[in-house]
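Here is a short report on selected features of one protein model. Keep the sequence and the 3D view at hand while reading.

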Amino acid sequence: PTGATETGRQDRVRWLNTKIYPLRDMDGNVKNIVITHEDITDKKLAANRLSESEARYRGLFETSIDGICILDAHGNFIDINPAAVKLMGYPRETLLKMAVQDVVEAEDREKSAYYMKKLHEEGFYQGYEGRVITQTGEIRYIEVSSIAIYENEAIVGSHDILRDVTERLLSERKLAANL
């Protein structure tokens, strides 16, 4: 059995993992028992903190008005939030089988590759403006900021934030044309 255990002080709760082993004689009869206790308080508290942190992260990820993507080192989508799904206009399951280059407008692929290289050299970039093509062929203008994910000092992916700037850019162009 595992559970919270008081140690005599009201303010100190410890978690123990208790194991009970029978000691049998030659005929198989239980003569004694061995009881061991392992203090797993630190593991339990760490697991609780991790769970709370994951819940906070997941809440931010799922409810952000900006698109958030998690990519692997090759630019393949690993996770994507609802705002990014809406922005890119593909079902989530489809995007998870795609890479960034699959949605970047053809004329922007060289620029996108430059920023991917910058990410690998510097660990982040901000202010990339480019275009994505939705599943229906609509072009959306986006602004991207990215930060590398490291594992053992090697980049294994990135967290990317995508902001839809289509309306702003089209309004600016319309205003400039009217002037």
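Ile-80 sits in strand E5, residues 77–80. Helices (H or I, at least four residues) and strands (E, at least two) are DSSP runs, numbered from the N terminus. Ile-80 is buried, with a relative accessible area of 1%. Buried means under 20% relative accessible area, exposed over 50%, and partly exposed in between (1.4 Å probe, protein chains only).

Leaving out residues up to four places away in sequence, Ile-80 touches Phe-61, Ile-68, Cys-69, Val-85, Met-88, Arg-92, Leu-95 and Leu-96. Contact means heavy atoms within 4.5 Å. Glu-122 lies 42 residues from Ile-80 along the chain, and 23 Å separates their C-alpha atoms.

## Basis of the values

This is a predicted model: local features need pLDDT of at least 70, side-chain atom pairs count only at pLDDT 80 or more, and totals for chains, interfaces and linings use all residues. Residues are numbered from 1 along each chain as its sequence is written, and side-chain values use heavy atoms, with hydrogens and water left out.

## Helix H5

H5 has 14 residues. From first C-alpha to last, H5 reaches 20 Å, close to the 20 Å expected at 1.5 Å a residue. The expected span is 1.5 Å times one less than the number of residues.

Ser-112, Tyr-115, Met-116 and Leu-119 are the buried residues of H5. They fall within an arc of 105° seen down the helix axis, so they line one face of H5. The arc is that of the directions from the helix axis to the C-beta atoms. These buried residues pack against H4, E6, E7 and E8. On the other side of H5, Glu-110, Lys-117 and Glu-121 are exposed. Gly-123 follows H5, and its phi is positive, near 90°.

## The cavity

The structure holds one cavity of 30 Å³ or more. The largest cavity has a volume of about 190 Å³. A cavity is a set of points, on a 1 Å grid over the protein atoms alone, where a 1.4 Å probe fits but cannot get out; lining residues have an atom within 4 Å of a point. Grid points are joined across faces, edges and corners, and a volume is the space filled by probe spheres set on the points.

The lining of the largest cavity has 18 residues, with Val-100, Tyr-125, Ile-142, Val-144 and Asp-160 nearest its centre. Elements giving two or more residues to this lining include H5 (109–122) and strand E8 (154–164). E6 supplies the largest share, four residues.

Note on methods: On a 1 Å grid over the protein atoms alone, a cavity is a set of points where a 1.4 Å probe fits but cannot get out, and a pocket is an open set with protein on both sides within 12 Å along at least five of seven lines; lining residues have an atom within 4 Å of a point.
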